[in-house]
Amino acid sequence: MHELSLVSELVTRCSDLADGRTVTEVRVRCPLGIDADELVEGFALITSQLGQRGAGTLGGARLELEQVAPYLKCLCGFSGRLSAEDVAGHISVCPQCGQVGELPSRLELVSVAFAPKT
Ligand SMILES: [Zn+2]
């Protein structure tokens, strides 16, 4: 499952950033075409597993997703944001020439919030 590998990358990045601090909230931009529910579920699953192994700086972290339209740069010269009608699953369709392509499915990390030190 593609979403799960995105989430596990995200979790690794966040725990690197956390450097021992407790993460409370992670915000990411998620292009249309990625299953947001699966991301949230996967995030909860991975962080709770880490917590059980005692490596859980992300144990109680919440994942906040902001869905954004993916950006397409096509060979025909079109470049811009796609609308929901131009996206089907992981496939994008250029609104100008109809060229079908693979969506760039990357999560963009916006911010990571840490619990205040006690
Ligand atoms: Zn095109």
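A: Two strands are said to pair if DSSP finds at least two bridges between them. Strands (E, at least two residues) and helices (H or I, at least four) are themselves DSSP runs, numbered from the N terminus. The model is predicted, and the limits set for it are a pLDDT of at least 70 for local features and 80 or more for side-chain atom pairs, while totals for chains, interfaces and linings use all residues. Residue numbers start from 1 along each chain, following the sequence as written.

Before the close look, here is the setting. The protein has 2 helices and 8 strands, and along the sequence they come in the pattern α-β-α-β-β-β-β-β-β-β. Its C-alpha atoms fill a box of roughly 55 × 25 × 20 Å along the principal axes. The predictor's confidence in each residue is the pLDDT, on a scale from 0 to 100. Its mean for this protein is 88, and 94% of the residues reach 70 or more. Confidence is highest in strand β8 (residues 108–114), with a mean of 94, and lowest in strand β5 (residues 87–88), with a mean of 84.

Strand β5 belongs to an open sheet of 3 strands, in the order β5-β6-β7 with antiparallel pairing. At the edges of this sheet are β5 and β7 (100–102); each has a single partner strand, so one side of each has no neighbour in the sheet. The antiparallel pair of β5 and strand β6 (residues 91–93) is joined by 2 bridges, and in one of the links V87 is partnered by S92 of β6.

Which residues of α1 are buried? They are E3, L6, V7, L10, V11, C14 and S15. Because they cover an arc of only 165° around the axis, they lie on the same side of α1; the arc is taken from the directions between the helix axis and the C-beta atoms. (A buried residue has 20 or more other C-beta atoms within 10 Å of its own, an exposed one has 12 or fewer, and a partly exposed one falls in between; C-beta atoms are placed from the backbone.) The face turned away from the buried side carries the exposed residues H2, S5, T12 and D16. Over the whole protein, buried residues make up 25% of the 118 residues.

What does the buried side of α1 pack against? Its buried residues pack against β1, α2 and β8. Contact here means that the two C-beta atoms lie within 7 Å.

The largest nonpolar core contains 17 residues, and V7, L10, C14, V23, V26 and L39 have the most contacts inside it. At least two residues of this core come from each of α1, β1 and α2 (36–52), and α1 gives the most, with 5 residues. A nonpolar core is a set of buried Ala, Val, Leu, Ile, Met, Phe, Trp, Tyr and Cys residues joined through C-beta atoms within 7 Å.

After α1 comes D19, with a positive phi near 50°. Most residues other than glycine have a negative phi.

β1 runs antiparallel to β8, joined by 6 bridges, with R27 partnered by S111 of β8. β1 also runs parallel to strand β2 (residues 62–68), joined by 7 bridges, and there V26 is partnered by L63.

The other helix, α2, has buried residues L39, G42, F43 and T47. These fall within an arc of 120° seen down the axis, so they line one face of α2, while D37 and Q52 are exposed on the other side. The buried residues of α2 pack against α1, β1 and β2.
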